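Please describe this structure for someone who has not seen it before.

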Amino acid sequence: MNPGVAAVRRLAELGCCTIAPGLTDAEFARIEAEHDFEFADDHRAFLAAGLPMNSPFVPEPGTWTTWQESWPEWRDGDAVELRKQLDWPVDYLLWDVEKIGY
């Protein structure tokens, strides 16, 4: 079984999010062009098999979260917010290096 399909099935089994139809080739092309990157093959397979959608955010008591929405809104999300999510790992790493001094 395709690992992307298996991952989407597992998410559906867990009931942690709604799974919408996967991204189309045209949607992948648009997203990659707008944000100047390419999805890795495994990530592409996962998002083509099904698109995880955010549910209303209700954090568990005592938990820490970075985003109120766990999944990037690839299909219909706000471009500025999506860009922030894409930039976050690099921005955090640079902040960490600057503040901690690795």
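## Overall make-up

Of the 102 residues in the protein, 22% are buried, where buried means under 20% relative accessible area, exposed means over 50%, and partly exposed lies in between (1.4 Å probe, protein chains only). The model is a predicted one, in which local features need pLDDT of at least 70 and side-chain atom pairs count only at pLDDT 80 or more, while totals for chains, interfaces and linings use all residues. Residues are numbered from 1 along each chain as its sequence is written, and side-chain values use heavy atoms, with hydrogens and water left out.

The secondary structure consists of four helices and two strands; these are DSSP runs, with helices (H or I) of at least four residues and strands (E) of at least two, numbered from the N terminus. Along the sequence they follow the pattern α-β-α-α-β-α. Among contacts with a separation of 6 or more, 59% are between residues 24 or more positions apart, a contact being heavy atoms within 4.5 Å.

## Helix α2

Helix α2 spans residues 25-35, and its buried residues are Glu27, Phe28, Ile31, Glu32 and His35. They cover an arc of only 125 degrees around the axis, which puts them on the same side of α2; the arc is that of the directions from the helix axis to the C-beta atoms. In general, an α-helix has 3.6 residues a turn, so residues three or four places apart point the same way. The cover over the buried residues of α2 includes α3 and α4.

The face turned away from the buried side carries the exposed residues Asp25, Ala26 and Ala33. Ala29 also lies in α2 and is partly exposed, at 43% relative accessible area. Its C-alpha atom is separated by 9.8 Å from that of Phe39, 10 residues apart along the chain. After α2 comes Asp36, with a positive phi near 55 degrees.

Glu32 is buried, with a relative accessible area of 14%. Its side chain is joined to that of Arg44 by a polar contact of 2.6 Å. Such a contact is a pair of N or O atoms within 3.5 Å; within protein, one must be able to donate a hydrogen and the other to accept it, and residues adjacent in sequence count only if both atoms are side-chain atoms. Leaving aside neighbours within four places in sequence, Glu32 is in contact with Phe37, Glu38, Phe39 and Arg44. Arg44 also lies over the face of Phe28, at 4.3 Å from the ring centre; a charge sits over a ring if NZ of Lys or CZ of Arg is within 6 Å of the ring centre and within 35 degrees of the ring normal.

Arg83 belongs to helix α4 and is partly exposed, at 30% relative accessibility. A polar atom of the Arg83 side chain lies 3.2 Å from the backbone oxygen of His35. Arg83 and Pro72 are 11 residues apart in sequence, with 9.7 Å from C-alpha to C-alpha.

## The nonpolar core

The largest nonpolar core has 13 residues, of which Leu23, Phe39, Leu47, Leu51 and Trp74 touch the most other members. A core of this kind is a set of buried Ala, Val, Leu, Ile, Met, Phe, Trp, Tyr and Cys residues joined through side-chain atoms within 4.5 Å. Helices α1 (3-14), α2 and α3 each supply at least two residues of this core.

Beyond its neighbours within four places in sequence, Trp74 is in contact with residues including Leu23, Arg30, Ile31, His43, Leu82 and Leu86.

## Aromatic pairs

The structure holds seven aromatic pairs. Rings of Phe, Tyr and Trp (its six-membered ring) pair if their centres lie within 6.5 Å; planes under 30 degrees apart count as stacked, over 60 as edge-to-face and the rest as tilted. The rings of Phe46 and Trp71 have centres 6.2 Å apart and planes at 35 degrees, so this pair is tilted. Phe46 lies in helix α3 (residues 41-49) and Trp71 in the loop between β2 (51-53) and α4 (79-100), so the pair ties together parts that are 25 residues apart in sequence. Phe46 is buried at 13% relative accessibility, whereas Trp71 is partly exposed at 25%.

Trp88 and Tyr92 form a stacked pair, 5.3 Å centre to centre with 20 degrees between the planes. Both lie in helix α4, four residues apart, about one turn of the helix. Trp88 is partly exposed at 33%, and Tyr92 is partly exposed at 44%. Elsewhere, ring pairs link Phe28, Phe37, Phe39 and Trp74 into a cluster.
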